[in-house]
Amino acid sequence: MVKAEISRGTTPAPPPRARVLVIGGGYVGMYTALRLQQKLKRGEAEVVVVSPNAYMTYQPFLPEAAAGSISPRHVVVPLRRVLPDCTIIVGEARSIDHARRVATLTTLASEEEAATRATAGGPDGAHAPNSPADAHESPGSFEMTYDELVLAPGSISRTLPVPGLAEHGIGFKTVEEAIALRNHVLEQMDIASSTRDPELRDAALTYVFVGGGYAGVEALAELADMARYATRYYHNIKADDLKWILVEASDHILPEVGHDMGKYAVRELRARNIDVRLETRLDSCENRVAVLSDGTRFPTRTVVWTAGVKPHPILAATDLPLDKRGRLICTAGLAVDGAEHAWSAGDAAAVPDLAADEPGAECAPNAQHAVRQARVLAENIVASLRGETPRDYRHRYAGSVASLGLHKGVAQVYGRKLKGYPAWLMHRVYHLSRVPTFNRKARVLAEWTLSGLFKREIVSLGSLEHPRAEFELAAGRERPRDV
């Protein structure tokens, strides 16, 4: 009996679980956490995902969401549903001190908590929402310790100091921007239909897109198809009244599909009365006038900026090594070079491309690499936790597909070039196979099927951006609205 009591008293406490902190809930962040969830044994490690949104956006479907072919709800994947075994924190990382293994985070409640504490004059006693119990707080933010770090914040729009761009431009990286752009285009058509001012009408029906990559070309093509279809329901707007302008600084568009397919895309767009300006830049868009480097001036109320991306600012707020472009310098095993227990992939990382023919090449920052890198990254973290040897990432780039609107596209896959309907069909089949979860696949396929049977929706819900405007008006406070 005494022996049993001594045995119980000397039983060692279980070792604390390792914590894997994943910064970012996009392609790399979600797929890494998903793979960790599958590979880790129960109780082996805690996975914490910090993301500014509680969902992952499948960006290749944003153009179709903007055109109304897919519901915006079906191009996002809820993280809490896909990652039930992970802790999800809706917030952002402000800085990372990897030498101390500490990340400083803010959440949706951080500023409110800081304001409440400042007003009450009370101590910092409560923990941040959903944060583990050993996170250390300070007003407006809190610190979280970790054992393994995955930095996958993605990228942000790369803007230039173009006069008027900050005031009048709109990006195309988020589902919110896609919804707003659809509403805006239809709203401009409503303005043009109801005004008697010819200058206002011309500006409302002129749409300028800056950037000839995937985002710019696909968004312009899909929205042009939608707007052209919508003109049949306006008594005083014809399809030829619409002016679509694509501005590209280089001498070609869609470099991912190759030079020949890029030239075909230019011919296809111009055949649809889309003005493609190559080797041209946007110099200014002040006072709702787009001034191009070739001297052309277009009065316009729509400037869409898709001219590239740059690394997320959080990377500069770390003590980890960065390259000239501001990306994390990584090894082929997706570890941050010279920093143990730090990992990265996707847009944030400069990863050697071991499958490339030329030496020193790096993996392109696209979804094709990001999804595959995430799986290898997660498996390497598991190997690191178990004291095993990680493996290098290697993938030969398969090619690219791009949509040019309904039933039109270009593709270059494994050296084979496709255009027109076959390329468009391949674009849809490929992305349907890649969108996460069977739930989303089924919903997207159902919407595509129904869109082939019924007419397009051409309703603008621009009031979604100001949901309290009607109530404020009823309460006697009219809210100004910039259209």
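The protein has 14 helices and 25 strands. Keep in mind that you're looking at a predicted model. Of its 483 residues, 48% are buried. If you take the contacts between residues at least 6 apart in sequence, 67% of them join residues at least 24 apart.

**Two helices that pack together**

- Two packed helices are described by the angle between their axes and the distance between the axes.
- Start with helix H7, which covers residues 175-194, and helix H9, which covers residues 214-230.
- Their axes lie 11 Å apart, and the packing angle is about 35 degrees.
- Which hand does the crossing of H7 and H9 have? The crossing is right-handed.
- On the H7 side, the residues that make contact are Leu-181, Arg-182, Val-185, Leu-186 and Met-189.
- On the H9 side, they meet Leu-223, Met-226, Ala-227 and Ala-230.
- Sorted by class, this contact has eight nonpolar residues, one charged residue and no polar ones.

**The second largest pocket**

- Rolling a probe the size of a water molecule over the atoms shows where empty space is left.
- The second largest pocket holds about 830 Å³ of space.
- It is lined by 32 residues, and those closest to the pocket's centre are Ala-67, Gly-68, Ser-69, Arg-456 and Glu-457.
- Which elements give two or more residues to the lining of this pocket? They are helix H3 (62-67), H7, H9, helix H12 (421-434) and helix H13 (438-453).
- So you'll meet H7 and H9 again here, since the definition of a helix used for the list is a DSSP run.
- H13 gives the largest share of the lining, with five residues.
- By class, the lining of the second largest pocket splits into 15 nonpolar, seven polar and ten charged residues.

**Two loop residues with positive phi**

- Asn-287 sits in the loop between strand S15 (282-284) and strand S16 (289-292).
- Phi of Asn-287 is near 55 degrees, which is a positive value in a residue other than glycine.
- Is Asn-287 buried or exposed? Asn-287 counts as exposed because its relative accessibility is 70%, and the cut-off for exposed is over 50%.
- Leu-334 is also a loop residue, placed between strand S20 (328-329) and strand S21 (342-344).
- Leu-334 has a phi near 70 degrees, again positive in a residue that isn't glycine.
- Leu-334 has 0% relative accessibility, so this residue counts as buried; the cut-off for buried is under 20%.

- Thr-174 is in the loop between strand S11 (169-170) and H7.
- With a relative accessible area of 31%, Thr-174 is partly exposed.
- Thr-174 and Tyr-58 are 116 residues apart along the chain, and their C-alpha atoms are separated by 9.2 Å.
- Pro-84 belongs to the loop between helix H4 (79-82) and strand S5 (87-97).
- Pro-84 is exposed because its relative accessible area comes to 54%.
- How many residues apart along the chain are Pro-84 and Gln-37? They are 47 residues apart, with 8.7 Å between their C-alpha atoms.

Methods. Residues numbered from 1 in each chain as written. Predicted model: local features only at pLDDT ≥ 70, side-chain atom pairs only at ≥ 80, totals over all residues. Heavy atoms only, no water. Axes fitted to C-alpha atoms, helices over the stretch in contact; angles between N-to-C directions. Helix = DSSP H or I, 4+ residues; strand = E, 2+ residues; numbered from the N terminus. Left-handed = near helix turned anticlockwise from the far one by under 90°. Contact = heavy atoms within 4.5 Å. Nonpolar A, V, L, I, M, F, W, Y, C, P; charged D, E, K, R; others polar. 1 Å grid on protein atoms, 1.4 Å probe; cavity = no way out; pocket = protein on both sides within 12 Å on 5 of 7 lines; lining within 4 Å. Points joined across faces, edges and corners; volume = space filled by probe spheres on them. Buried < 20%, exposed > 50% of the residue type's maximum accessible area, 1.4 Å probe, protein only.
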